[in-house]
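Q: I would like to learn how to read some features of a protein model, step by step. Could we go through them together?

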Amino acid sequence: MLLLRPELLGSVDRYVHMARSGTVMVDVDVPYDKRAKSTHRFTIADTRGALNVTIPIVHPERHHGTLLSDIMLSDHSPWWTTAMTALESAYGRTPYFEFYADDFAPLFDAGRVGTPLVDFCRDLDNVVCRFVGLSQPRYGHVDGIAEDAVDMRRGVPQIEDFRRYYQVRADKLGFLPHMSVVDLLFNLGPESLLYLEGSL
């Protein structure tokens with residue numbers, strides 16, 4: 001079993017570990033750590049290079065003992081529009097954006113304001129896994145850890161021998177590793193799973 005913390009459209013590295021694991025459990029009750037930006041930020045390959053897309057969040061006034069499940073999506077700025085615009089700008093010319101964009105768009109909606117961040121991460125994970133062909137991870141509270149569990153709740157290590165894959169702007173920007181999984185999905189489409197499993 002692989003144990004992860006919730007992440008917003010996590011890195012390709014994260015999904016490589018998921019593809020190579022049998023069962024994936026995402027612990028929604030890990031302590032909130034403001035330094036762990038990947039819970040509400042993802043990195044895409046924009047027209048000028050790597051771009052961080054941040055979704056604003058609200059946490060309880062009390063900080064001690066705050067869990068990720070306590071964190072809500074904020075109404076600070078129209079982030080739902082900004083995020084989808086960033087995705088379209090970055091990936092509108094990739095081979096597969098037009099096939100998948102309509103499934104992501106409803107998730108980036110003003111109606112998400114005030115809802116739990118972990119639910120947003122779960123719903124995006126489910127869309128990605130459905131298109132890639134991975135089993136959807138289980139989101140919930142983790143009571144105990146099995147002896148054979150691989151615990152990456154403190155963070156997913158970057159893959160050192162990161163293999164290149166097709167990126168639409170590689171001739172201009174060079175290859176950009178460790179991007180959000182949407183970079184892989186929009187560029188490779190159905191072949192994403194072959195890459196994640198190491199057979200591409």
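The dialogue below takes up ring pairs, charges over rings, packed helices and a few single residues.

A: Before we start, keep in mind that this is a predicted model.

Q: How is a pair of aromatic rings described?

A: The description uses the distance of the centres and the angle of the planes. In this structure the count comes to 13 aromatic pairs. One of them is formed by Y165 and Y195, whose rings are 5.2 Å apart from centre to centre, with 75° between the planes. Because planes over 60 degrees apart count as edge-to-face, the pair of Y165 and Y195 is given that name.

Q: Where in the chain do Y165 and Y195 lie?

A: Y165 is in the loop between β8 (150-152) and α5 (170-173), whereas Y195 is in helix α7 (residues 192-196), so that the pair links distant parts of the chain, 30 residues apart.

Q: Are Y165 and Y195 buried or exposed?

A: Both Y165 and Y195 are buried.

Q: Which residues do ring pairs link into a cluster?

A: The cluster consists of W79, W80, F108 and F120, which are linked by ring pairs.

Q: Which residue lies over the face of Y195, and at what distance from the ring centre?

A: That residue is R163, at 4.3 Å from the centre of the Y195 ring. Another case of this kind is R130, whose charged end sits over the ring of F131, 4.9 Å from the centre of that ring.

Q: How are two packed helices described?

A: They are described by the angle between their axes and the distance between the axes. Here, helix α1 (residues 12-19) and helix α4 (residues 117-132) have axes that come within 13 Å and cross at roughly 65°. The crossing of α1 and α4 is right-handed. On the side of α1 the contact is made by R14, Y15 and M18, and on the side of α4 by D125, V128 and C129. Sorted by kind, the residues of this contact of α1 with α4 are four nonpolar, no polar and two charged.

Q: Why does G144 count as exposed?

A: The word is used for a relative accessible area over 50%, and G144 counts as exposed because its relative accessibility is 53%. G144 lies in the loop between β7 (138-140) and β8. The C-alpha atoms of G144 and Y100 are separated by 37 Å, and the two residues are 44 residues apart along the chain.

Note on methods: Residues numbered from 1 in each chain as written. Predicted model: local features only at pLDDT ≥ 70, side-chain atom pairs only at ≥ 80, totals over all residues. Heavy atoms only, no water. Phe/Tyr/Trp six-rings, centres within 6.5 Å; stacked < 30°, edge-to-face > 60°. Helix = DSSP H or I, 4+ residues; strand = E, 2+ residues; numbered from the N terminus. Buried < 20%, exposed > 50% of the residue type's maximum accessible area, 1.4 Å probe, protein only. Lys NZ or Arg CZ within 6 Å of the ring centre and 35° of its normal. Axes fitted to C-alpha atoms, helices over the stretch in contact; angles between N-to-C directions. Left-handed = near helix turned anticlockwise from the far one by under 90°. Contact = heavy atoms within 4.5 Å. Nonpolar A, V, L, I, M, F, W, Y, C, P; charged D, E, K, R; others polar.
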